[in-house]
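Hi,

Here is the structure I promised to pass on. Have a look at it first, and then read my notes below.

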Amino acid sequence: MSSATREYDDIPGTYVFDADHHRKGYHLNMMCMSLNDPKNREKFAAGEEAYLDQWPLTPEQRKAVLERDWLGMLQLGGNIYYTFKIAIFDGLSMQAVGGAMSGVTEAEFQQMMINGGRNDNG
Amino acid sequence: MADVLYGVASSHVPAIGAAIDHGKEEQPYWRPLFEGYEGARKWMADTRPDVIILAYNDHASAFDLDLIPTFAIGVADKFPIADEGYGPRQIPEVIGHPELAWHLAESLILDGFDMTICNRMPVDHGLTVPLSIMYGSPEAWPVKVIPLAVNVIQYPPPTGKRCYALGQAIRRAVQSFEDNQDLRVAVFGTGGMSHQLQGERAGWVNTPFDTAFLNRLTDDPEGLTEISHVDLLREAGSEGIELVMWLIMRGALSRKVREVHRHYHVPASNTAAGLIVFEGSEANVLL
Ligand SMILES: [Fe+2]
């Protein structure tokens, strides 16, 4: 099943959380999930590098987390509901993260939504 | 006899809950959304169902990637408010209806729906935001709630067809519940409408799709069950696929329904927000 062609592959800018994606991102997502616990948020705040050592992340995943590369995290198997836990930790809104993933500022993204959202097939 | 008399479908955007919790309903950004909820809130205050069976999805709160039930039913006495990373929302805990929930679990399984049965089930914005939309900020929720968690995060979610059939089975199960209180039950379907939180396509909204979905939910729900997952991903966005949960609600209602309220607004955060309220017929009314 791995890397089989999927009917949704042609949808632009979309990372469907399917089996391949899940297998790539399992540890990354479980690390993100751990931030639901306030004790873990304290530990993460005290030292991100040491905190991340508890999960067998790939070097690319680690770098993406430390650099808050939101799109990179998705491409490396992250799921938005999980990676957004890091944005919550940072105090970022969904529009800030949406903007970062689509290459615009938070204000521009917000304005696009107020104008009716993205509906240009892009 | 207990019966499913009401159906509500609503978006469950976390920012809507935060706007309620932090008193932002009157702010210019939020006012048009909340104005459209007023009629539904009034309807809810007048109608006061005894129990809500609330179909929602958990967002990395009660379940994680170690356990991904397709359909899970909460049978506990109560359900705590989940900490999604901000600390739990400061809202009342959710009170269950274990007798009906266990009856549902048994009936649904014997009817061919292999439910996962849950006691420990902290509930997140997927369940709590629709309650806040319909009830505001009460001291205690004036209704018992049976959480019905549906996986829509791991691909593939259950099909629209299966969700609709589950709704029909819920209707049969409620109607076979032996009690002497004539419980008046509402079923909620939550999530949607069109939205995409992730990727370069984040912010996707498809108002023509949403409008057609609302129209057909009333008149042609079985037609809606024919929409494939791929078309939902494409048309409603990667997170808009949550709309399959609305079909659980619609399946639980009588074939003919009366649409009593509808509201649609873009945007709520990254999402097209929709709300629709139905009154169905009792089991013994011939249609
Ligand atoms: Fe959701």
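What follows is a short tour of what turned up.

One thing before we start: this is a predicted model, so please read everything below as computed from that model.

**The iron site**

Let's begin with the metal. Which residues coordinate the iron ion? They are B:His12 and B:His59, each through NE2, together with B:Glu242 through OE, at 1.8 to 2.1 Å. If you follow the donors along the chain, their spacing reads H-x46-H-x182-E. The two histidines come from separate loops: B:His12 is in the one between strand E1 (3-10) and helix H1 (14-21) of chain B, while B:His59 is in the one between strand E2 (51-56) and strand E3 (71-74) of chain B, so the pair ties together parts that are 47 residues apart in sequence. Are these histidines buried or exposed? Both B:His12 and B:His59 are buried.

**Aromatic rings**

Next, the rings. Over all chains, the structure holds 11 aromatic pairs. One of them is in chain A: the ring centres of A:Phe44 and A:Tyr51 are 5.4 Å apart and the planes sit at 75°, so this pair is edge-to-face. Both A:Phe44 and A:Tyr51 are buried. Chain B has an edge-to-face pair too, made by B:Phe34 and B:Tyr37, with 5.7 Å centre to centre and 85° between the planes. B:Phe34 counts as buried because its relative accessibility is 3%, and B:Tyr37 is buried as well, with a relative accessible area of 1%.

Back in chain A, A:Phe44 and A:Tyr51 belong to a cluster: ring pairs link them with A:Trp55 and A:Phe89.

**Charges over rings**

Two arginines in chain B are placed over aromatic rings, and you can look at them one after the other. The charged end of B:Arg201 sits over the ring of B:Trp204, 3.9 Å from the ring's centre. B:Arg250 lies over the face of B:Phe278, and here the distance to the ring centre is 5.7 Å.

**Helix packing**

Now for how some helices of chain B meet. Helix H7 (residues 207-219) and helix H10 (residues 244-251) of chain B have axes that come within 10 Å and cross at roughly 20°. At what angle does a pair count as roughly parallel? The cut-off is under 35 degrees, so H7(B) and H10(B) are roughly parallel to each other. The crossing of H7(B) past H10(B) is right-handed.

The other pair is H4(B) with helix H6 (residues 160-175) of chain B, whose axes come within 9 Å and cross at roughly 120°. H4(B) and H6(B) are therefore oblique to each other. H4(B) also passes H6(B) in a right-handed crossing.

While you're on H4, take a look at B:Glu106, which lies in this helix (residues 98-110 of chain B). B:Glu106 counts as exposed because its relative accessibility is 52%. From B:Glu106 to B:Ile117 is 11 residues in sequence and 9.8 Å in space, C-alpha to C-alpha.

Where do the cis bonds fall? One runs from B:Tyr155 to B:Pro156, with omega near 0°. B:Pro156 is in the loop between strand E7 (144-150) and H6 of chain B. Another cis peptide bond joins B:Gly192 and B:Met193, where omega is about -5°. B:Met193 is placed in the loop between strand E8 (184-190) and H7 of chain B.

As for positive phi, B:Asp182 has a value near 50°. B:Asp182 lies in the loop between H6 and E8 of chain B, and is partly exposed, with a relative accessible area of 44%. B:Ser269 has a positive phi as well, near 55°. The loop that holds B:Ser269 runs between strand E9 (258-268) and strand E10 (271-279) of chain B. B:Ser269 counts as buried, at 9% relative accessibility.

Happy browsing!

Notes: Residues are numbered from 1 along each chain as its sequence is written. Chains are lettered from A and ligands numbered from 1 in the order in which they are written. This is a predicted model: local features need pLDDT of at least 70, side-chain atom pairs count only at pLDDT 80 or more; totals for chains, interfaces and linings use all residues. Side-chain values use heavy atoms; hydrogens and water are left out. Donors are N, O and S atoms within 2.8 Å of the metal (3.2 Å for Na, K and Ca); water is not among the atoms, so sites may look incomplete. Helices (H or I, at least four residues) and strands (E, at least two) are DSSP runs, numbered from the N terminus. Buried means under 20% relative accessible area, exposed over 50%, partly exposed in between (1.4 Å probe, protein chains only). Rings of Phe, Tyr and Trp (its six-membered ring) pair if their centres lie within 6.5 Å; planes under 30 degrees apart count as stacked, over 60 as edge-to-face and the rest as tilted. A charge sits over a ring if NZ of Lys or CZ of Arg is within 6 Å of the ring centre and within 35 degrees of the ring normal. Axes are lines fitted to C-alpha atoms, for helices over the stretch in contact, and angles run from 0 to 180 degrees between N-to-C directions. Angles under 35 degrees count as roughly parallel, over 145 as roughly antiparallel, 65 to 115 as roughly perpendicular and the rest as oblique. A crossing is left-handed if the near helix is turned anticlockwise from the far one by less than a right angle, and right-handed if clockwise.
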